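Hi,

Here is the structure I promised to pass on. Have a look first, and then read my notes below.

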Amino acid sequence: MGNFQQTVKNIFNRLDYIMLLCLLMLFAISLVAIYSAAGQYSADPSYYVIRQIIWYGIGFMILFSLLFVDFDIFRTLAYPLYAFGSLLLLLVHFFGVMRNGSQRWLSIGGLEIQPSEFMKVFLIIAVALAIHRYGQKQAPGSFSYDMQVLLRIAAFGLVPFWLILQQPDLGTALVVVAILAVITLVSGVSYKVISVLAGLGVSLVLLLIWLHNNANDIFRKIIKDHQMSRIYGWLQPDDYASSFGYQLKQAILGIGAGRLTGSGFMNGTQSQSGRVPEIHTDFIFTVVGEEFGFLGASILILIFFLLIYRMIAIGLNCSNPFGAYIVCGAVALIASQVFQNIAMTIGLMPITGLALPFISYGGSSLLTNMIAVGLVMNIKVNTRSFMFGSKKQEL
């Protein structure tokens, strides 16, 4: 009993309370926004709020449970979790629930889960372990190291990326790319090699544009019609206001109407009229922008910024490469989702159907993000600074 009490004391002494405060503020904002948005889906908006509270409760229980887990367990479970996540994605491919033209969910005992969400965390842990283990055999700085690391990242990333893209779920596939890209940047791979990869990516985009303009038959074999409709709706929302660009047009009108201070809680014209589809999930930022204005939206973005900043600080103070890679992957996971969601809502990116972390209604996405933050907090709790010098040690 004494050892357990000491463990609890150590955990709460080393806990990052700024991150915890950010989560609690996001929790409060989520409930307010969901309550305001859910009126168009149910006569009792509290139905969605209560369910979100339940998901948050489960999420916080998982987060705090992770603080008591020995960090070495993640090394042991990394590859089995990756294999399990890949299996779930295969099951979705063959037996998944179809909704709104996408096959992303598995129905288990009446409960629907989205395996691609959990796979993002499994992928982070597996790639982090693979790079860490190879780094123990060969130090960075050689072409052989660069190629071996890139091969490992590609080997782990291609399977989930392809399966998620087939659902189709472009938003989550882009998050996978962001995770792999950020881990690559911090893995010790030469910046010359990274520059070449970036150049190849830009060349691919330019090639697609050329094919669209000069060889449309080939282009349409690569890019599907529903994907092109989203691009057209993004680039020309006014021209496609009644079809492809409807959702974006209505969202922009709502956010623009919010101006500086917003129209007030549950007083948003767009938010309350039902003109913005999926406003309680993918487009919940519209509620914040319209009803709380530029100030409310800015406060939300600042909270996200503070959360991500604290995660980066933990990664910089982590001496264990495996833990540092996990933190980098978690930062990429949260930051890329925040950027994508807000960008698609205000017209800076095509609509990708991605939830706003910790704010949008939904269980799978929320639990995934809470697990990611829990892993980072675990690393913070298990990093000890010595009195003299800047040396850190993983317990």
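Is M266 buried, partly exposed or exposed? With a relative accessible area of 31%, M266 is partly exposed. Before going further, please keep in mind that this is a predicted model.

You'll find M266 in the loop between α11 (246–258) and α12 (269–273). Then there is E278, not a glycine but with a positive phi of about 55°. E278 sits in the loop between α12 and α13 (284–316), and it counts as partly exposed at 32% relative accessibility. As background, most residues other than glycine have a negative phi, and most peptide bonds are trans.

On peptide bonds, look at Q167 and P168: a cis peptide bond joins them, with omega about -10°. P168 belongs to the loop between α6 and α7.

Those two helices are worth a look as well. Helix α6 covers residues 143–165 and helix α7 covers residues 170–186; they pack at an angle of about 170°, and their axes are 9 Å apart. An angle over 145 degrees counts as roughly antiparallel, and α6 and α7 are therefore roughly antiparallel to each other. On the α6 side the contact involves L150, I153, G157, F161, I164 and L165, which meet L170, T172, A173, V176, V177, L180 and T184 in α7. Sorted by class, that contact has ten nonpolar residues, three polar ones and no charged ones.

Now for the inside. The largest nonpolar core has 103 residues, and L26, F358 and M377 touch the most other members. Helix α5 (residues 115–137) gives the most to this core, with 14 residues. Another core, of five residues, lies apart from it; L211, F219, I223 and M228 are among them.

C328 is in no disulfide either, with the sulfur of C318 as its nearest cysteine sulfur. C318 is also buried, at a relative accessible area of 9%.

Cheers

Technical notes:
Residues numbered from 1 in each chain as written. Predicted model: local features only at pLDDT ≥ 70, side-chain atom pairs only at ≥ 80, totals over all residues. Heavy atoms only, no water. Axes fitted to C-alpha atoms, helices over the stretch in contact; angles between N-to-C directions. Helix = DSSP H or I, 4+ residues; strand = E, 2+ residues; numbered from the N terminus. Parallel < 35°, antiparallel > 145°, perpendicular 65-115°, else oblique. Contact = heavy atoms within 4.5 Å. Nonpolar A, V, L, I, M, F, W, Y, C, P; charged D, E, K, R; others polar. Core = buried A, V, L, I, M, F, W, Y, C linked by side-chain atoms within 4.5 Å. Buried < 20%, exposed > 50% of the residue type's maximum accessible area, 1.4 Å probe, protein only. Disulfide = S-S within 2.5 Å.
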